[in-house]
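Here are a few notes to read with the model open beside you. Take them one at a time and find each spot as you go.

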Amino acid sequence: MNEEPIRGRLERCVVRVPDHVSWSDVDADLVVFNQQDGTYHALDRVASDIWRALARRGNCGAAFAELHERYPDAAAAVIADDLRGFVDRAARLGLLVAWDA
């Protein structure tokens, strides 16, 4: 499957980590802390990779490209679905701010 149409749709998605959220590395995983509601969120290795890619890139399309390179055996559609699901859930929890540019 050609990844360009998928990446193109994700390019419009912009994300940022709000000031009230911090995170710490714990081995290869992350713990994310929401200072507004006092909740901690333990991320597994894949979720941690998604978080780091989004935090570094600030754009879902660029994060998708990074993740597709890191996980070359994964189908592009699966990576895109996982990325969108992660962003949606993290935004609902107040861990990310996301919008379409």
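**Notes on the fold**

1. Now zoom out a bit. Strand β3 (residues 29-34) and β4 run antiparallel and are joined by 5 bridges. To count as paired, two strands need at least two bridges found by DSSP.

2. Helix α2 (residues 45-57) packs on the sheet and touches β2, β3 and β4, where contact means heavy atoms within 4.5 Å. The direction of α2 makes about 65 degrees with that of β3. Such angles run from 0 to 180 degrees between N-to-C directions, with axes fitted to C-alpha atoms, for helices over the stretch in contact.

3. What is the order of the strands in the open sheet? Its 3 strands go β2-β3-β4, with antiparallel pairing. At the edges sit β2 (21-26) and β4 (39-43), each pairing on one side only.

4. Next, the cysteines: C13 and C60 form a disulfide, with their sulfur atoms 2.2 Å apart (the cut-off is within 2.5 Å). C13 belongs to strand β1 (residues 13-16) and C60 to helix α3 (residues 60-70), so the pair ties together parts 47 residues apart in sequence. Both C13 and C60 are buried, meaning under 20% relative accessible area with a 1.4 Å probe, protein chains only.

5. A word on the basis: this is a predicted model, where local features need pLDDT of at least 70 and side-chain atom pairs count only at pLDDT 80 or more, while totals for chains, interfaces and linings use all residues. Residues are numbered from 1 along each chain as its sequence is written, and side-chain values use heavy atoms, leaving out hydrogens and water.

Technical notes: Helix = DSSP H or I, 4+ residues; strand = E, 2+ residues; numbered from the N terminus. Buried < 20%, exposed > 50% of the residue type's maximum accessible area, 1.4 Å probe, protein only.
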